[in-house]
Amino acid sequence: EAQREATQTSQVALSLHKTPPYIPEKGAILSPNIVVFREGSAKGYASLAEHIEICAVINVAMPNRNPSVRDSPLDGREGAAYSALLMAK
C-alpha cells in the first residue's frame, strides 16, 4: 500500500512540472511493477499476445560523449574525472 501511494505521489509530482523532468547526474529513476504490452519499433509497436511483467526498471542517465547528438550537451570530462562519474553512478 505504501509503495502504491509513493508511486501515485511521484506521478502527480511529475505531472505538475512546467519543464521536462530530468535524471540528476548522480541519480536514478526507479519504476516498479512494469507491464510490457507492445513490441519494439522494429515490429511497429504491435501488441504482444501476452503481456510481460517486470518487477522494476532502473533508469540512469549517462554523459553524452557523442558530438552528433544535438539535443544534449557534450560532456567534456575525460580520464579520471569521467571514470569517477561513471563509478558514482
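A salt bridge is counted here where a side-chain nitrogen of Lys or Arg lies within 4 Å of a carboxyl oxygen of Asp or Glu. By that criterion the structure holds two salt bridges. The model is predicted, so local features need pLDDT of at least 70 and side-chain atom pairs count only at pLDDT 80 or more, while totals for chains, interfaces and linings use all residues. Residues are numbered from 1 along each chain as its sequence is written, and side-chain values use heavy atoms, with hydrogens and water left out.

Side chains of opposite charge can pair when their charged atoms come close. In one of the bridges, glutamate 25 pairs with arginine 77, with 2.8 Å between the closest N and O atoms. This pair links distant parts of the chain, 52 residues apart: glutamate 25 is in the loop between helix 1 (2-15) and strand 1 (29-38), and arginine 77 is in the loop between strand 2 (47-59) and helix 2 (79-88). Helices (H or I, at least four residues) and strands (E, at least two) are DSSP runs, numbered from the N terminus.

Arginine 77 also meets the side chain of aspartate 75 in a salt bridge, at 2.6 Å from N to O.

Glutamate 25 is partly exposed at 40%, and arginine 77 is partly exposed at 26%. Aspartate 75 has a relative accessible area of 15% and therefore counts as buried. Aspartate 75 is in the loop between strand 2 and helix 2. Leaving aside neighbours within four places in sequence, aspartate 75 is in contact (heavy atoms within 4.5 Å) with Pro63, Asn64, Arg65 and Leu85.

The loop between strand 2 and helix 2 also holds valine 60, which is partly exposed at 35% relative accessible area. Beyond four places in sequence, the contacts of alanine 28 are Ile23, Ile58, Asn59 and Val60. Alanine 28 is found in the loop between helix 1 and strand 1 and is partly exposed at 49%. The C-alpha atoms of alanine 28 and isoleucine 58 are 6.7 Å apart, although the two are separated by 30 residues along the chain.

Key: Buried < 20%, exposed > 50% of the residue type's maximum accessible area, 1.4 Å probe, protein only.
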